[in-house]
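Please look over the sequence and the structure shown below.

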Amino acid sequence: MNPARSLVVRAMMTLACLIVASGALVAGGFSIYEQGAAATAQGGAFVARAWDASAGFYNPAGLAMYGTPGQWRFYGGITPVQSQAKMTGLDPFPGNGVREKAVDKWFPPFFLHGSYQLNEKVNLSLSVTTPFGLGTEWENDNNTYSGRFRSILADIQVVYVSPTFSYKVNDKFAAGVGLDYVYSKVKLERHSGQAFFNGTDTRVYDVINVKLDGSDNGSFGFHVAAMYKANEQWSFGVDYKHSVSNKYDGTAKFNQITTGISLLDANVASTLANPAFGGTKQDGSTKVEFPNSFVVGAAYKPNSKLSLEADFCYFGWSVFEEVEIKFPESQILATSVLEENYDNTWQIRVGGEYWVSDKFAVRAGYIFDKTPAPTETVNPLLPDADRHDIGLGIGYKLNNQLNLDVSYLSVNFTERSTKSRNVDGYDGIYKSHVNLFAVGIGYAFGGQ
Amino acid sequence: MKRLNFFLAGILTVALMAGCSPDYPSAPDDELARITTSGTADFTRFAVAGNSLTAGTQNNGLSQQFQVNSYGALIARQLGIADAGTLGSEWEQPLVADPGTSGILTLDFATTKPTPVTNPSNNFINLALARPYDNLGIPSCFLYDFLNTKDTSESWTKTRLGTGNPLFATILRGIGTQFTQLKALQPTFVIWWEGHNDILGYATSGAGLNGDFQGIAGVPPYTPLNSADPLFPIFGYNFNDGVARSLDSLQALGADAVIGNIPDVTAIAYFTALYPGVTFPTKDSVVVNAATGAKAAVYYQETKDSIQFLCLGLGSAIGADSGGTGIPYGLHPARPVGGQYTLTFAEVRNIQTIITSYNTSISTAAAARNIPVADFYALFNDIKTSGRTLDNGTVVNAAFLSGGLFSLDGVHPASLGYAIVANTFIDRINAFYGSAIPRVNEAGFVSVQ
């Protein structure tokens with residue numbers, strides 16, 4: 001590795017480690033398509049227009065298309081996400097009517113886009129985004145949460161650092177290509193149980209708390225995009241992001257939970273103390289594959305105030321087959337596998353904006369988001385479902401340099417039942433809701 | 001700006017509406033699983049007869065908290081009888097108030113030793129029922145008793161082994177034998193499961209000394225198989241004949257029926273573990289001091305190398321200073337572990353031969369009368385070898401306490417075990433009669449809360 005490149009990678013890593021963020025289940029699986037506030041208000045239908053610096057995520061070709069030579073453009077913001085989920089159990093386990101609730105959580109995904117227009121044709125940009133993320137934690141007071149042997153906490157924190165080169169071929173056509181450096185961390189927690197006849201019934205007792213904490217110090221992906229402006233009214237865009245394989249190495253911790261039953265406690269203690277077990281703190285590793293995505297969209301601008309867009313997004317979720325945890329140091333622990341078997345899926349995104357005045361715009365959008373999770377693998381780690389999202393927002397230009405966007409996206413999950421077919425024997429009907437708020441500030445200077 | 005205000009109001013409204021937390025999805029109606037088709041069988045009046053396994057014994061006793069999960073009650077509920085097996089239901093059992101009959105065990109959590117409850121109720125709460133019970137299971141009932149015993153004084157244990165079982169008087173209440181009471185119920189469908197005690201006591205008593213029940217006091221003999229058996233002249237009764245007569249009587253009821261055979265007794269937890277807390281790493285030595293791990297050599301009456309199984313009861317006997325000799329039991333050549341606590345390889349082979357012969361007797365007699373047999377011999381051996389995976393993924397096995405299947409006495413199933421017994425009968429009934437009795441939810445008997 002040459003020193004200059006190594007320095008760049010190290011800088012990216014440092015940046016990434018500092019700002020890694022987890023997310024809620026905003027879009028199908030655990031993708032988060034909300035990397036700009038103006039786009040979010042319009043349901044993310046932005047690939048064919050991508051006129052602000054969030055183009056670094058939505059369609060980097062837009063940067064070259066709309067840049068002015070010598071101009072710097074920055075666009076940054078946060079998208080506070082509130083995630084809520086509830087489950088009602090089904091027979092045979094945990095049984096009809098058993099109720100479980102996820103911890104209400106706030107996540108702060110963020111985005112930061114910077115671009116510099118070198119000349120008429122060339123634009124260089126760097127985007128720091130969180131296009132994937134997961135954070136589900138179920139309330140487990142007094143160890144009574146019925147899904148605790150499957151998943152108590154699952155947290156995937158992701159940051160993409162994406163340098164991109166875009167090129168304007170002519171006034172109608174521009175293209176972009178870039179790298180994605182991906183840093184991510186994962187945390188998983190669950191309990192291990194042991195069946196025991198306690199004199200009145202056969203109970204499964206909590207005997208071990210298992211926690212995995214791992215990180216992937218850098219995986220790479222790439223993205224390519226293009227934009228075509230047919231005329232003043234019509235424009236089209238495409239964007240492809242490649243899949244990223246993440247390998248997480250870290251530590252697995254096993255803490256004994258005492259039951260007060262001497263025989264059981266002694267058995268568990270001797271298992272944990274057995275050298276073949278590998279220790280209560282040992283290496284653990286897992287893999288998670290982020291899918292590729294392909295987005296194509298068309299925008300229509302009937303007049304200078306109004307623009308409308310419709311996008312079709314395809315996600316290659318079939319790469320997400322399982323969450324597998326390996327314990328290389330243990331001769332006793334089997335590899336733990338949670339099946340996911342996701343299907344490839346798609347979303348329809350429609351939205352638009354209307355400039356009420358030179359300074360003020362209103363925006364709205366709608367998303368239909370088809371879940372990639374098959375009925376059999378819907379689980380408390382990822383209680384996925386089809387979603388209908390509604391976005392609303394406003395944009396305000398303070399002056400020629402500064403603009404502000406504020407948006408709200410309501411992510412409405414449909415009710416999702418495992419229909420007593422869950423592969424892991426944990427059946428229920430899940431209902432979730434996510435509120436997403438996005439605030440973005442744009443700043444531009446230089447160039448004429 | 002009017003349009004702006006309107007728009008902001010819109011955002012606010014949506015935000016407030018959407019900000020509400022989602023409601024819990026509503027659960028589907030928790031209706032009792034009901035039989036959808038009876039096939040060629042008639043389940044209108046259902047009754048069961050047998051021994052403690054039919055009575056729903058758990059933890060060495062009867063208690064209504066366990067009796068509600070007798071296999072008969074479980075199947076009756078699958079047949080659509082609401083709350084079958086509970087007090088006042090349409091399907092009645094001789095219920096005992098909690099905590100149950102004398103000797104019923106509870107688990108001492110600190111030592112994990114099953115110990116008898118200190119306050120047994122011995123209170124049968126519906127003795128006044130003006131008809132026979134639908135569950136005619138009587139603990140310690142032998143094959144002989146089904147047709148012949150109206151009272152404790154007539155029971156096999158009283159007339160052949162010397163000690164009467166008072167439960168015959170209590171449950172039969174002087175209104176006939178198990179069979180005549182079954183007949184009085186005019187059943188349309190009967191489950192009959194007898195014959196276990198005819199070999200069980202012999203096995204759990206270590207088959208005496210070198211297989212001889214006469215060698216050690218209190219070791220009961222098994223029931224002779226046929227008229228050529230050397231024990232036959234002593235008892236004047238044999239298993240082959242008893243099964244044939246019992247099944248003839250069942251047929252005379254005109255009811256549809258299913259019967260069960262006898263598990264290999266060495267597949268039960270009684271022979272797979274000692275009392276927990278007593279550590280027997282091998283049959284050579286026992287840990288006498290848990291704190292230091294100090295061990296002592298164990299001495300046996302039977303040749304040590306010939307021993308295959310140690311009986312559960314040895315755990316509480318070993319090391320005890322009974323008889324005031326000052327010599328700890330089993331830990332000195334002068335007081336070796338008696339033959340009643342050990343099964344030698346030869347004794348096990350002999351017991352298995354007897355059980356196999358009993359089962360052949362049952363299957364032959366049943367086949368001749370076109371009565372289906374549920375195969376518990378295969379079931380329990382299969383569980384012993386490979387455990388059983390429940391619908392929810394939980395794996396249970398035959399290990400004492402930690403296995404989940406057997407109750408604290410190591411012989412009788414726990415509720416989960418009875419659910420598996422019920423499903424074994426249900427599967428056989430459905431296969432033979434073309435009925436569709438829904439299976440009991442086994443996973444529902446494993447609690448994680």
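## Chain A overall

Chain A has 5 helices and 24 strands; helices (H or I, at least four residues) and strands (E, at least two) are DSSP runs, numbered from the N terminus. This is a predicted model, in which local features need pLDDT of at least 70 and side-chain atom pairs count only at pLDDT 80 or more, while totals for chains, interfaces and linings use all residues. Residues are numbered from 1 along each chain as its sequence is written, and chains are lettered from A and ligands numbered from 1 in the order in which they are written.

Along the principal axes, the C-alpha atoms of chain A fill a box of roughly 80 × 50 × 35 Å. Of its 448 residues, 53% count as buried; a residue is buried if 20 or more other C-beta atoms lie within 10 Å of its own, exposed if 12 or fewer, and partly exposed in between, with C-beta atoms placed from the backbone.

## Nonpolar cores

The largest nonpolar core has 129 residues, and V190(B), I199(B), A257(B), A422(B) and F425(B) have the most contacts inside it. Such a core is a set of buried Ala, Val, Leu, Ile, Met, Phe, Trp, Tyr and Cys residues joined through C-beta atoms within 7 Å. Helix α15 (residues 415–433) of chain B gives the most to this core, 10 residues. A second, separate core of 93 residues includes Y75(A), I152(A), V244(A) and Y342(A).

Beyond its neighbours within four places in sequence, V190(B) has contacts that include A47(B), A49(B), L182(B) and L250(B); two residues are in contact if their C-beta atoms, placed from the backbone, lie within 7 Å.

In chain B, 5 strands form an open sheet in the order β4-β1-β5-β6-β11, with parallel pairing. Strands pair if DSSP finds at least two bridges between them. At the edges stand β4 (135–137) and β11 (373–374) of chain B, each with a single partner strand, so one side of each has no neighbour in the sheet. Strand β1 (residues 46–50) of chain B is joined to β4(B) by 3 bridges, and A49(B) stands opposite L136(B) in β4(B).

Helix α4 (residues 71–78) of chain B has 8 of its 8 residues buried, so the helix is largely enclosed by the rest of the structure. Among the elements covering the buried residues of α4(B) are β1, β4, β5 (189–193) and α15 of chain B. Just after α4(B), G80(B) takes a positive phi of about 100°.

## Contact between the chains

The contact takes 50 residues from chain B and 42 residues from chain A. On the side of chain B that touches chain A, the largest share, 9 residues, comes from α1(B). The residues of that side divide into 25 nonpolar, 21 polar and 4 charged; Ala, Val, Leu, Ile, Met, Phe, Trp, Tyr, Cys and Pro count as nonpolar, Asp, Glu, Lys and Arg as charged, and the others, Gly among them, as polar.

Strand β11 (residues 202–229) of chain A runs parallel to β14(B) and is joined to it by 2 bridges. T202(A) stands opposite V446(B) in β14(B).
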